[in-house]
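Take a look at the protein shown here.

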Amino acid sequence: MINMLFSYCCGLLALLFSLGLTAQPLFDSHLHYSAEDAQRFTPHEILQLLDKNAIPYAAVTGTPASHVSSLYHLAPERIVPLLGLYRHSDEKSSWTKDKSIIPYLKKELARGYWQGIGELHLFADDRHSKVFNKVIALASEWQLPLLIHGDPAVIDKLYEIAPEQPVVWAHAGTFPYPELVSDYLRRYPNLSIDLSMRDKRIAPDGIINDDWYELFVTYPDRVMIGVDTFSTTRWQLFNSAVGTIRNWLAQLPDEIALQIAFVNAAKLYKKPLIFKGDAATKDAIQ
Ligand SMILES: [Zn+2]
């Protein structure tokens, strides 16, 4: 009996070990680590959650920025710190009229470690905002990608001003229809999308939708994944959110899944395509 139990436990450990080693590594391109999250999870616990889910790299923003900074300084090789615009969560709806955000951003950028700006929320009516214009100029000056949660008209306005600016369009935009998204990716070569919070559209009932599949195989180098931990509850459900993403990724051709899961974000944020101890990724990329 003891022998049986022993071999069962060994088998289970071997299985878990192999699962850990063979899981597709993910680069999460859209996480938040804000004040409420920091009350529930320490930076160390966030890294443990990433480890558990085979996520070697993550782009993380937060309100206020100090929590992201703490997380980044704990694992600077793994965390891509994105500078949020909001010092308090209520600035999410007022920032387009708040000129004080610009000196704040300048002061933060001067620290030298921020690797992107956003997530900024912006809708069509506010696309002519002078503050937005200045944020674009700062992103260009520092050569940092912008993470934008916004309407198609906002993307049009941005590319009118700064055609070379790398942008990640959060959640595949506010009107996430594959035909529309495809049109925007065709028109703007420096635009990418993240698919956070769009799992139900991408794979209703778990099966990948044909139109999304078509979008991914047409633009395999312009698409990224992300959980988008917009609330502490989302962090608590992190493992299952990652599982949902992995389920539809597994339905794509291996090479395309790898690009979307990892390579595209690694290229955008200048992280190594191969990380220590991961032979599977090395083989797939070569
Ligand atoms: Zn977000």
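Where is the place of Asp 205? Asp 205 sits in the loop between helix H9 (199–202) and H10. The model is predicted, and that holds for every value below.

**The overall picture**

The protein has 14 helices and 8 strands. Of its 286 residues, 40% are buried. Now take the contacts with a separation of 6 or more: 69% of them link residues 24 or more positions apart.

**The sheet**

The 8 strands form an open sheet, in the order S1-S2-S3-S4-S5-S6-S7-S8. The pairing is parallel. Strand S1 (27–32) and strand S8 (223–224) are the edge strands, and each pairs on one side only.

Two pairs show the detail. Strand S4 (residues 116–122) pairs with strand S5 (residues 146–150) over 5 bridges, in the parallel sense. Here Leu 120 has Ile 148 in S5 as its bridge partner. Strand S6 (residues 167–169) is joined to S7 by 3 bridges, and these two also run parallel. In that pair, Val 167 stands opposite Leu 191 in S7.

What covers a strand on its two sides? In a regular strand the side chains alternate between the two faces of the sheet. Strand S7 (residues 191–194) is covered on both faces. Leu 191 and Ile 193 are buried on one side, and Ser 192 and Asp 194 are buried on the other.

**The core**

The largest nonpolar core holds 78 residues. Ala 58, Val 60, Val 135, Ile 148 and Trp 169 touch the most other members. Helix H13 (residues 254–268) gives the most to this core, with 9 residues.

Which residues does Trp 169 contact, leaving aside its neighbours within four places in sequence? They are Ile 148, Ile 155, Leu 191 and Ile 193.

**A pair of helices**

Helix H8 (residues 178–187) packs against helix H10 (residues 210–218). Their axes are 9 Å apart, at an angle of about 15°. Angles under 35 degrees count as roughly parallel, so H8 and H10 are roughly parallel to each other. Their crossing is left-handed. On the H8 side, the contact is made by Pro 178, Val 181 and Ser 182. H10 supplies Asp 211, Trp 212, Glu 214, Leu 215 and Thr 218.

Most residues other than glycine have a negative phi, and most peptide bonds are trans. The table lists some exceptions.

| Site | Feature | Angle |
|---|---|---|
| Thr 63 and Pro 64 | cis peptide bond | omega about -5° |
| Gly 118 and Glu 119 | cis peptide bond | omega about 0° |
| His 171 | positive phi | phi near 60° |
| Asp 205 | positive phi | phi about 55° |

Where do these sites lie? Pro 64 is in the loop between strand S2 (57–61) and helix H4 (66–74). Glu 119, by contrast, lies in strand S4. His 171 is in the loop between S6 and H8.

Is His 171 partly exposed or buried? It is partly exposed, because 19 other C-beta atoms lie within 10 Å. A buried residue needs 20 or more. Asp 205 has 6 C-beta neighbours inside 10 Å, so Asp 205 counts as exposed.

Key: Residues are numbered from 1 along each chain as its sequence is written. This is a predicted model: local features need pLDDT of at least 70, side-chain atom pairs count only at pLDDT 80 or more; totals for chains, interfaces and linings use all residues. A nonpolar core is a set of buried Ala, Val, Leu, Ile, Met, Phe, Trp, Tyr and Cys residues joined through C-beta atoms within 7 Å. A residue is buried if 20 or more other C-beta atoms lie within 10 Å of its own, exposed if 12 or fewer, and partly exposed in between; C-beta atoms are placed from the backbone. Helices (H or I, at least four residues) and strands (E, at least two) are DSSP runs, numbered from the N terminus. Two residues are in contact if their C-beta atoms, placed from the backbone, lie within 7 Å. Two strands pair if DSSP finds at least two bridges between them. Axes are lines fitted to C-alpha atoms, for helices over the stretch in contact, and angles run from 0 to 180 degrees between N-to-C directions. Angles under 35 degrees count as roughly parallel, over 145 as roughly antiparallel, 65 to 115 as roughly perpendicular and the rest as oblique. A crossing is left-handed if the near helix is turned anticlockwise from the far one by less than a right angle, and right-handed if clockwise.
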